[in-house]
Amino acid sequence: MSEIIDRTEDKMKKSIAALGEDLKAVRAGRASPALVDQIKVHAYNAQTPLNQVATISAPEARLLVIQPWDKSLLHEIEKAIQKSELSVNPSNDGKVIRLNIPPLNEQRRSDLIKSAKAIAEQSRVAVRNIRRDANEDLKKESKAGRISEDQEKQEAEEVQKLTDKYIKEINGILQNKEAEITEI
């Protein structure tokens, strides 16, 4: 396999990893510390990820507990959660913040599935763009005489196989997320 194929596959793997991270932020029916991964808290004169200023746990299926390492950050964490797109009200008892995750209604499930589909489509577009770039690189190599036309065609087929493989993987990840969202 050529360097172009290796580079292409590496980029596609990174797109899949990014998809996984993006879908973690889409809330399913149960509590998960990943729900608050995207939240930034104003702490120590900087916007800091919540998981870097507190311990986040899910002791029950519908409850998240956030325990800041520095109690003076409780109010800032509470504000950051209220500003987020989570649509939950934090409960602050002076030591920890509790987030009761309500069960999803049909409309909310539908919105979350649309959001997950949009994220997956962005990943499919990214994979197709990687394919396009790889094919352009192969054409340049062929025109420069570094590879033969036959080799260009073989490698373009290999790039297409990689594209199909990763698109299929994206679709599988999306199906799993949809199942997770629709699960009661």
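The tour below covers helix packing and then salt bridges.

**Before you start**

This is a predicted model, in which local features need pLDDT of at least 70 and side-chain atom pairs count only at pLDDT 80 or more, while totals for chains, interfaces and linings use all residues. Residues are numbered from 1 along each chain as its sequence is written, and side-chain values use heavy atoms, with hydrogens and water left out.

**Stop 1: α1 against α3**

Select residues 3–24 for helix α1 and residues 106–143 for helix α3. Helices here are DSSP runs of H or I with at least four residues, numbered from the N terminus. The axes of α1 and α3 come within 10 Å and cross at roughly 170°. Each axis is a line fitted to C-alpha atoms over the stretch in contact, and angles run from 0 to 180 degrees between N-to-C directions. The two helices α1 and α3 are therefore roughly antiparallel, a label for angles over 145 degrees.

Now show side chains. On the α1 side the contact includes Ile4, Met12 and Leu19, and on the α3 side it includes Ile119, Val127 and Leu138. Contact means heavy atoms within 4.5 Å. Colour the contact of α1 with α3 by class and you will find twelve nonpolar, three polar and six charged residues. In this scheme Ala, Val, Leu, Ile, Met, Phe, Trp, Tyr, Cys and Pro are nonpolar, Asp, Glu, Lys and Arg are charged, and the others, Gly among them, are polar.

**Stop 2: α1 against α4**

What angle do α1 and α4 pack at? It is about 10°, with their axes 10 Å apart. The pair α1 and α4 is therefore roughly parallel, the term for angles under 35 degrees. Among the residues that meet are Ile5, Ile16 and Leu23 in α1 and Val159, Tyr166 and Ile173 in α4. This contact of α1 with α4 divides into ten nonpolar, two polar and seven charged residues.

Next, select the buried residues of α4, including Leu162, Ile170, Leu174 and Ile181. Buried means under 20% relative accessible area, exposed means over 50%, and partly exposed lies in between (1.4 Å probe, protein chains only). The cover over the buried residues of α4 includes α1 and α3.

**Stop 3: salt bridges**

Side chains of opposite charge can pair when their charged atoms come close. The whole structure holds 13 salt bridges, each a side-chain nitrogen of Lys or Arg within 4 Å of a carboxyl oxygen of Asp or Glu.

- Zoom to Glu3 and Arg7, whose side chains meet at 3.1 Å, N to O. Four residues apart in α1, Glu3 and Arg7 are separated by about one helical turn. Glu3 is exposed at 60%, and Arg7 is partly exposed at 33%.
- Move to Arg132 and Glu136, a salt bridge at 3.9 Å, N to O. Arg132 is partly exposed at 42%, and Glu136 is partly exposed at 39%.
- Finish at Lys177 and Glu180, bridged at 3.3 Å, N to O. Is Lys177 buried or exposed? Lys177 is buried, with 8% relative accessible area, whereas Glu180 is partly exposed at 27%.

Conventions. Angles under 35 degrees count as roughly parallel, over 145 as roughly antiparallel, 65 to 115 as roughly perpendicular and the rest as oblique.
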